[in-house]
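Welcome, and please take a look at the structure below. A short tour follows, grouped by topic.

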Amino acid sequence: NMSDANRYASSVPVSMEVKNITTLLEEVFHKACLLAEQTEIHLNYTGIDQNIYCLVNGELLERAVLNAVSNAMKFTPSGGTIQAQLTRRNNRLYLSIQDNGTGIPEHLRSTLFSRYSREPGVEDGRFGIGLGFVIIRSAAAQHGGTVLVDHPQDCGTRITLSLSISSDSESAL
């Protein structure tokens, strides 16, 4: 993340191309599942059984998804489960990634999207350099969406990226 911080975490528009986002996300989650298996964490991804073509920056979206999954893996106990699901409502996609860890402490929630913000100190290897959520939010914004972080049923953390399905990309095909 550090070497790509300025490129991914800026508000400068990135190059976009029309891609099948369902196939792209299936490939990203296939990679993520292989990583999760090495940590004895179960990653279950449920996609959409429909080809959806839209304007995306595949590299940025992949980086954001892998950051979200990586965060979930850091705080999910061995043998735990991460659930990821892609849904569609009208011209928006929603990608939710939920772990069953301890959740984000209340006092840290207000700084999640602050660049280089991290607690506790560097001695806790689960915490990165403070760019993951910045990149996730930037990716969502670049794709016409937002990020919601919540804690359903007081168990774990759920990150939901909303992404816009551009009408321009749909009419181009």
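Glu40 is exposed, with a relative accessible area of 54% (buried means under 20%, exposed over 50% and partly exposed in between, using a 1.4 Å probe and protein chains only). This is a predicted model, in which local features need pLDDT of at least 70 and side-chain atom pairs count only at pLDDT 80 or more, while totals for chains, interfaces and linings use all residues. Residues are numbered from 1 along each chain as its sequence is written, and side-chain values use heavy atoms, leaving out hydrogens and water.

**Loop residues**

- Glu40 sits in the loop between helix 2 and strand 2 (42–46); helices (H or I, at least four residues) and strands (E, at least two) are DSSP runs numbered from the N terminus.
- The phi of Glu40 is near 60 degrees, a positive value in a residue other than glycine.
- Most residues other than glycine have a negative phi.
- Asn90 also has a positive phi, about 55 degrees, although it is not a glycine.
- The loop between strand 4 and strand 5 holds Asn90, which is exposed at a relative accessible area of 68%.
- Gly47 belongs to the loop between strand 2 and strand 3 and counts as partly exposed, with 29% relative accessibility.
- From C-alpha to C-alpha, Gly47 and Phe29 are 9.7 Å apart in space, and they are 18 residues apart in sequence.

**The nonpolar core**

- The largest nonpolar core has 40 residues, and Ile21 and Ile97 have the most contacts inside it; such a core is a set of buried Ala, Val, Leu, Ile, Met, Phe, Trp, Tyr and Cys residues joined through side-chain atoms within 4.5 Å.
- Helix 3 gives this core its largest share, eight residues.
- Not counting residues up to four places away in sequence, Ile97 touches several residues, among them Phe29, Val65, Ile82 and Ile159 (contact means heavy atoms within 4.5 Å).

**Two packed helices**

- Helix 3 (residues 58–74) and helix 4 (residues 132–142) pack at an angle of about 140 degrees, with axes 9 Å apart; axes are lines fitted to C-alpha atoms, for helices over the stretch in contact, and angles run from 0 to 180 degrees between N-to-C directions.
- Helix 3 and helix 4 are therefore oblique to each other (under 35 degrees counts as roughly parallel, over 145 as roughly antiparallel, 65 to 115 as roughly perpendicular and the rest as oblique).
- Their contact includes Leu60 and Ala64 of helix 3 and Phe133 and Ile136 of helix 4.
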